[in-house]
Amino acid sequence: MNAPKPASPPVLQLEAVNRHRAGRPAVRDLSLRLEAGQILGLLGVNGAGKSTTLAMVAGALRPDSGAIRLQGQDFLEYPELARRVIGWLPEGAPLWPELTVSEHLDAHGRLRGMAGAALREARETALARLELNDMARRLAGVLSQGQRQRLGLACALLHRPALLVLDEPSNALDPVQVVALRGLLRELAAGGTAVILSTHQLTEITAVCDRVAILHGGILRHDAALPADQHAALEKIFFDIALNGKAEAA
Ligand SMILES: Nc1ncnc2c1ncn2[C@@H]1O[C@H](COP(=O)(O)OP(=O)(O)OP(=O)(O)O)[C@@H](O)[C@H]1O
């Protein structure tokens, strides 16, 4: 008889992560795991700790304590793993205004060790996926907010990362682009990409996520698959936590 195959480690695992900002706890004792193909939505009121969490996952902020593992490995010990495995859209999609759309993608690709035909092909795929073909030669500094956001998303998924970390990805997108982004995230997840995204839109969570985590005061108050009666149930859980600080049993 064949021995059972060992389960592959989760794409992302946070264990008892803590982080202070400006002397105050911003994320407290946070443990989370995310498997390949899952889309996890992160909810919470302003200042709840969502961006701090995503910046730590993306390697831009170091936890004060605790561990973050990517595909089972501590990524503080393997920074090159983070570059390969993670695609990050930071809050507000920061760009270099003096580079064109294409130049952005090339620069992101090179930072991740891509070159030549592989980089060209990835760039063309990303331009097409985010409907940026027509503006490939335009300077980032003259793009509209929604176009900037789409360029930020194109940069995040350029190298086909196993984990996409998206901070408010539908910000500034028009309704057509919001729907297109939902389709793109579902397609990527179906291909095995794990996605963690933060948003203030409950409808975004119910439309695209298969799990939701709610942070409040830096503490994880809820982490569960989306309830069957998705929107109404999620609204109740969210407002109980946001307004009353009442934790919902997961
Ligand atoms: N650059 C910073 N310097 C100091 N403190 C910060 C900084 N960024 C965030 N904080 C603090 O860290 C805590 C968590 O903030 P964070 O930005 O992670 O929350 P958030 O849930 O993403 O909020 P929002 O929904 O408003 O984007 C807050 O108390 C905030 O004031």
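Which exposed residues does the face of H4 turned away from its buried side carry?

**Before you start**

This is a predicted model: local features need pLDDT of at least 70, side-chain atom pairs count only at pLDDT 80 or more, and totals for chains, interfaces and linings use all residues. Residues are numbered from 1 along each chain as its sequence is written. Helices (H or I, at least four residues) and strands (E, at least two) are DSSP runs, numbered from the N terminus.

**Stop 1: the four-stranded sheet**

Select S2, S1, S4 and S5. In that order they make an open sheet of four strands with antiparallel pairing. Strand S2 (24–34) and strand S5 (73–74) stand at the edges, each with a single partner strand, so one side of each has no neighbour in the sheet. Two strands count as paired if DSSP finds at least two bridges between them. Strands of a sheet pair through backbone hydrogen bonds, either parallel or antiparallel.

Now select strand S1 (residues 12–21) and strand S4 (residues 65–70). They pair in the antiparallel sense over five bridges. Click Glu 15: opposite it stands Ala 67 in S4.

Stay on S1 and click Ala 16, which lies in this strand. Ala 16 is not a glycine, yet its phi is positive, about 50 degrees. Ala 16 is exposed, with 12 other C-beta atoms within 10 Å. The cut-offs: a residue is buried if 20 or more other C-beta atoms lie within 10 Å of its own, exposed if 12 or fewer, and partly exposed in between, with C-beta atoms placed from the backbone.

Gln 13 is in strand S1 too. Gln 13 has 19 C-beta neighbours inside 10 Å and counts as partly exposed. Gln 13 touches Arg 33 and Arg 69, not counting residues up to four places away in sequence. Touching, or contact, means that the C-beta atoms of two residues, placed from the backbone, lie within 7 Å.

**Stop 2: helix H1**

Select residues 50–57. This is helix H1, which lies across S1, S2 and S4 and runs at about 120 degrees to S1. Axes are lines fitted to C-alpha atoms, for helices over the stretch in contact, and angles run from 0 to 180 degrees between N-to-C directions. H1 is mostly covered: eight of its eight residues are buried. Among them are Lys 50, Leu 54 and Val 57. After H1 comes Gly 59, with a positive phi near 85 degrees.

H1 also lies across strand S3 (39–43), S7, strand S8 (194–198) and S9, at about 150 degrees to S8. Helix H6 (residues 175–190) packs on the sheet as well, touching S3, S7 and S8, and its direction makes about 145 degrees with that of S8.

**Stop 3: the six-stranded sheet**

What is the order of the six strands in this open sheet? Follow S6-S7-S8-S3-S9-S10; the pairing is mixed. The twist averages 15 degrees from one strand to the next. S6 and S7 pair in the parallel sense over four bridges. Ile 86 stands opposite Leu 163 in S7.

Move to strand S9 (residues 211–216) and strand S10 (residues 219–225). They pair in the antiparallel sense over six bridges. Ile 214 has His 222 in S10 as its bridge partner. S9 and S10 form a hairpin with two residues between them, and Gly 217 in the turn has a positive phi of about 60 degrees.

**Stop 4: the nonpolar core**

A nonpolar core is a set of buried Ala, Val, Leu, Ile, Met, Phe, Trp, Tyr and Cys residues joined through C-beta atoms within 7 Å. The largest one here has 67 residues; Ala 154, Leu 163, Val 165, Val 195 and Ile 196 have the most contacts inside it. Helix H5 (residues 145–157) gives the most to this core, with six residues. Click Ile 196: its contacts include Leu 12, Leu 54 and Val 165, not counting residues up to four places away in sequence.

**Stop 5: helix H4**

Finally, select residues 116–129. In H4, Ala 122, Arg 123, Ala 126 and Leu 127 are buried. What covers the buried residues of H4 includes helix H3 (101–111) and H5. Turn to the face away from the buried side: the exposed residues there are Ala 117, Ala 118, Glu 121 and Ala 128. Just after H4, Glu 131 takes a positive phi of about 50 degrees.
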